Amino acid sequence: MLSRRLLPIFCSLFLLIGCIQNSNNSPTVTATVTDQNGKTLSHFSLQLIKAAKTWTGKPYKAQANKGDNTINLPLPEGQPVVLKFAAPGYQPLYTFINPVKNDVEISAQLGAPTKVPNTQPRVVGDFNDFDSRSGKLMLKDNNGIWKAEIESNKDTLRYAINRYIMGGNITGTSGEITFQKESQGVETSYVNTIVKSSDDSLFHIQFDPSAYQEIVNSAKPEVQFLNDVHKSVEGVANVYTLMIEEYWNMVTNRGLAHMKGEKSSDYDYSEFLDKINIIEDEFADSSVSKAIDIAKFRLLESESISVSKAESFLQELSPDSPLWIMHFPVLTSAVNRAGLKVTSMFLRRL
């Protein structure tokens, strides 16, 4: 399709803009990650993903905090970027940073982890190279505690408790950050260390899902800028974070229903729409409004964008806007749905 040729054009435009800027110093992002009470987490990571690769793309930069309260990474010049914040036991937070000339200080409060389903979690570890596909299934006792016994010739076992659910990992409750090789991007998870008893040939592993309950009930993803940035940068970042969170929740709910043998009902987007309207009122910026249009198309309309909306979308958003990369399939849908005359006019503006 014609729309498939557009992404390289946009990427080239943004690269050209970055080269023309000729800045001597690239802007940097200083990031910290907190829990639902505002306390800086002891283990967290920051990953930079090329915006054109979408939020599921492989990061080109990834760094763990290594005991520090912040992480510093250079931002691409003249280009938008997706930031992924992750920490053990929490749902990752994604945000989208429009091109900036100055340094950015940002704090991410992570959301609740994926809900624990009534299915068996698995133990993975150095006994199986942390391969989630060959993990050891756990059994639940009468007190609701998941348990597993691992046979190994080693005296010390490094392990994690995982249950992959449609894009979300349920992990253990203490340990250190590692970067897992089998993930598409760089995923973080808890790794626990246990020492075998001298009079026992097995490692005994336990997992209490109730430990997550407080986080599930109270942790809400939120991104805050700690220094002055243009309101369009902050507003668009908030829109993107909310869009990905809502998509994540929708997919997780459907996945959990499927795993329980239930029929998934139509997802309720009313809370999302209320939140997105609050953002629009707070920032009152044209770029933020366009980002909101993209988020709504992404979640509510997808391929069903009407011809009139598609034409309006192509006429109102500048072809060199970094917002196109915020969710490229929206452009694809718009071009496929718009009339030939409007599409031709749009392409001539590139």
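**Close-up views of a predicted model**

**View 1. Ala31 stands opposite Ile71 in strand E4.** Residues are numbered from 1 along each chain as its sequence is written. The model is predicted, so local features need pLDDT of at least 70, side-chain atom pairs count only at pLDDT 80 or more, totals for chains, interfaces and linings use all residues, and side-chain values use heavy atoms, with hydrogens and water left out. Strand E1 (residues 28–34) and E4 pair in the antiparallel sense over 4 bridges. Pairing requires at least two DSSP bridges between the strands. Helices (H or I, at least four residues) and strands (E, at least two) are DSSP runs, numbered from the N terminus.

**View 2. Side chains alternate along E4.** Ile71 and Leu73 point to one face and are buried. Buried means under 20% relative accessible area, exposed over 50%, and partly exposed in between (1.4 Å probe, protein chains only).

**View 3. Pro76 sits in the loop between strand E4 (71–74) and strand E5 (81–86).** Its relative accessibility is 17%, so Pro76 counts as buried. Beyond neighbours within four places in sequence, Pro76 is in contact with Tyr60 and Val81. Contact means heavy atoms within 4.5 Å. Lys101 is 25 residues from Pro76 along the chain, and their C-alpha atoms are separated by 9.7 Å.

**View 4. Ala284 occupies the loop between helix H4 (270–283) and helix H5 (286–301).** This residue is not a glycine, yet its phi is positive, at about 45°. Ala284 counts as exposed because its relative accessibility is 56%.

**View 5. Lys290 lies in helix H5.** This lysine is buried, with a relative accessible area of 14%. Not counting residues up to four places away in sequence, Lys290 touches Glu316, Leu317 and Leu323.

**View 6. The buried residues of helix H6 (residues 307–316) are Ala310, Phe313 and Leu314.** They cover an arc of only 95° around the axis, so they lie on the same side of H6. The arc is taken from the directions from the helix axis to the C-beta atoms.

**View 7. Confidence along the protein chain averages a pLDDT of 75.** pLDDT is the predictor's confidence in each residue, from 0 to 100. Of the residues, 67% score at least 70. Over residues 17–23 the pLDDT is below 50, and this stretch has 7 contacts in the model beyond near neighbours in sequence. Residues 163–190 also stay under 50. For that stretch the model has 101 contacts beyond four places in sequence.
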